[in-house]
Amino acid sequence: MFFMIVATLFPLTLTPELSRLRDAAPGVLWVGALLSSLLALEFLFREDAQDGTLEQFALSGQSLTWMLFAKTCTHWLLTGLPLALSAPVAAVGLGVPAGAMWSVVASLALGGFALSLVGAISAGLTLGARRGGVLLSLLTLPLAVPILVFGADATQRAITGDAIAPPMYLLGAIAVLGVTLAPLAAAAAVRIGLE
Amino acid sequence: MLNVSGLHLWRGDRHVLRDVSFSAAPGQCVQLTGKNGAGKTTLLRAIAGLLEPEEGQVSWRGSPARQTRDEFHAELAYLGHEPALKGDLSGHENLRFSVGIRRAVTADEIGAALTRTGAAGFSDRAVRMLSAGQRRRVALAGVLLSGAALWLLDEPTTNLDVEGQQLVSALIDEHLARNGIVVAAVHHSLALTSAGLVSLELGAA
Amino acid sequence: MATWTWFHRFGSPPWVYGFAARWTPWFGGAAAIAMLVALYGGLVLAPEDYQQKDAFRMVYVHAPTAWLSMMVYTTMAVAAAVGLIWRMKVAHAAAAACAPVGAWFTVAALGTGMLWGKPMWGAYWVWDPRLTAELVLLFLYFGYMGLRAGIEDPVKADKASAVLAVVGVVNIPIIKYSVEWWNSLHQTPTVMKMGKPTMDTDMLWPLLLMFLAFALYFATVLLIRLRAELLRRERNASWIREVLS
């Protein structure tokens, strides 16, 4: 929803000319995706931390890493994936050609997954910190930059008709790295946050 | 089986736990007493492994709990201030999830536990619609179902009426009879029928 | 065993405090001398670059500060990891002491880079990979310091920021190799290369000496900050009273 608002604000404030919007489209889509993701990440652990269920996860004798990975996947399925699937609607408004839609959705889906993984680490670190929301954004940003760079590149190539394989492979590599390392770091962060 | 030795813990500048040591054998209940802020919750969390002490050690079955963390946690049930229930699910569904991630559990077992703690009558309602005392009864059923040998209970009788307090004492008695161990912070006297009650006062400087 | 005693000594706040106090003047003196000699060599003795003329002399400040911004972060991450794994308070204190210094080095690197970029590329800033990655490094430092400030409990703040430092270390190789991986406006490595550096010797030795000077300067500042950090953390301990009397 937030993503849609962002995507609408840009044409309204910049220019209604589709050809110029098209140049900005990758950036607008990806910044919008990042901002929406940051908003949603605040709630990844917050409720569970408050009602005590996160503690019980840590005490269950099961791998906290796996449980947080499962939570992150669910989070992406409920926020990142719908965002990616609804992107064509926003993209049309930004002058993205119809042929590029598939690639736009794919890159946003993969990138969104990587963002959720990385965001889980910062969400865990900011549990119980003052002004956690702002801090969450600040901590996620450095780790999110490669995702944004490659994702926007993929979207840009899709618009101009180039092969999107190179940046998609890189996005995939980041996602794989994220899958192996991020839940571990998030579990460590959550255990520290529960102290 | 549970051995706590020389535990020191600071929270910021405050030396909350000073050289706390005790042992608990199967069939024993250690009741933690002390004023507010004496460190009862801190000690329970330190035993559970949620807090790391600066000095000292917690051992379970002879090995340091920190090294065998997952096995230790599998034998541990911790009941904290919050009943750890998701508001949107019913009591029954909550238990199916929270116990289910630890071990396989059948609907009958859940039903039996809820009946034992007097929560069967409202176990189908969403937890957010229950009173604090009702939620605590559901949480107690969770402790029963966990199958854990060691119970760490932080003020388990909060929000419970007199009948509820007697229920907690009875549950502890039954657990001790099964050779379980209980460490509990309770601010009133636990009228236990079994003889295994030991008291530990914290904060006496 | 000798290494173990040494390791244990570094775990003891009073010993580290004394060590830092003794060595600060030596490091400081060495840094000052090295910097003076290097500056003389770089600004006066070294010949003009045939392309950039005198503007290339910016390298004597820009390259060391950039290199140090990364080295300080790595030091911080290593100290943080040691603090996490071996639970050494001193290691956490060292990591905390590194952060503001590293941030300033990063700002200096970015700033000198901007001043150098204008005559070279015609623009103060370009969004090329190495510059962007260095900017990201600055955000990492801010995030680290922000996280420390945002968590009340000092032990929790130590541990959480330590995890952040270790996770963020992945950015360092990205900065280093960004100029090789991507077509970049920024100059490719001429010093830190396998084999002989491609820079002229007259220009090279002041640069290497500047690296050393800045590293010594960092060590000096770190020792001073570490002492202050230890004083603050251990203010209730008995050894503090003895030291200050």
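Let's start with contact range in chain C. Of the contacts in chain C with a separation of 6 or more, 77% join residues 24 or more positions apart. Keep in mind that this is a predicted model.

What is chain C made of? Nine helices and zero strands. Read from the N terminus, the elements go α-α-α-α-α-α-α-α-α. Chain C has 245 residues, and 42% of them are buried.

Now, where does chain C meet chain A? That contact draws 17 residues from chain C and 17 residues from chain A. On the chain C side, two elements each put in at least two residues: helix 5, residues 129–150, and helix 6, residues 154–168. Helix 5 of chain C has the largest share, with eight residues. By class, the side of chain C that touches chain A holds ten nonpolar, five polar and two charged residues.

Next, chain B against chain A. Here 17 residues come from chain B and twelve residues from chain A. Which elements of chain B each supply at least two residues? Helix 2, residues 69–74, and strand 6, residues 76–79. Helix 2 of chain B gives the most, and that is three residues. The side of chain B that touches chain A splits into ten nonpolar, three polar and four charged residues.

Let's stay with chain B and look inside. The domain assignment of chain B gives two entries. Domain 1 is 1–75 + 149–205, and domain 2 is 85–148. How far apart are the C-alpha centres of these domains of chain B? They lie 23 Å apart.

The two domains of chain B also touch. Domain 1 of chain B puts 13 residues into that contact, and domain 2 of chain B puts in eleven residues. On the domain 1 side, the elements with two or more residues are strand 7, residues 150–154, and helix 6, residues 162–177, of chain B. Helix 6 of chain B gives the most to that side, with three residues. The classes on the domain 1 side are eight nonpolar, three polar and two charged residues.

Last, confidence in chain A. Its mean pLDDT is 87, and 100% of the residues of chain A reach 70 or more. Which element of chain A has the lowest mean pLDDT, and which the highest? The lowest is helix 1 of chain A, residues 2–13, at 79. The highest is helix 5 of chain A, residues 101–125, at 91.

Note on methods
Residues numbered from 1 in each chain as written. Chains lettered and ligands numbered in written order. Predicted model: local features only at pLDDT ≥ 70, side-chain atom pairs only at ≥ 80, totals over all residues. Contact = placed C-beta atoms within 7 Å. Helix = DSSP H or I, 4+ residues; strand = E, 2+ residues; numbered from the N terminus. Nonpolar A, V, L, I, M, F, W, Y, C, P; charged D, E, K, R; others polar. Buried ≥ 20, exposed ≤ 12 C-beta atoms within 10 Å, placed from the backbone. pLDDT = per-residue confidence, 0-100. Domains from an automatic or database assignment.
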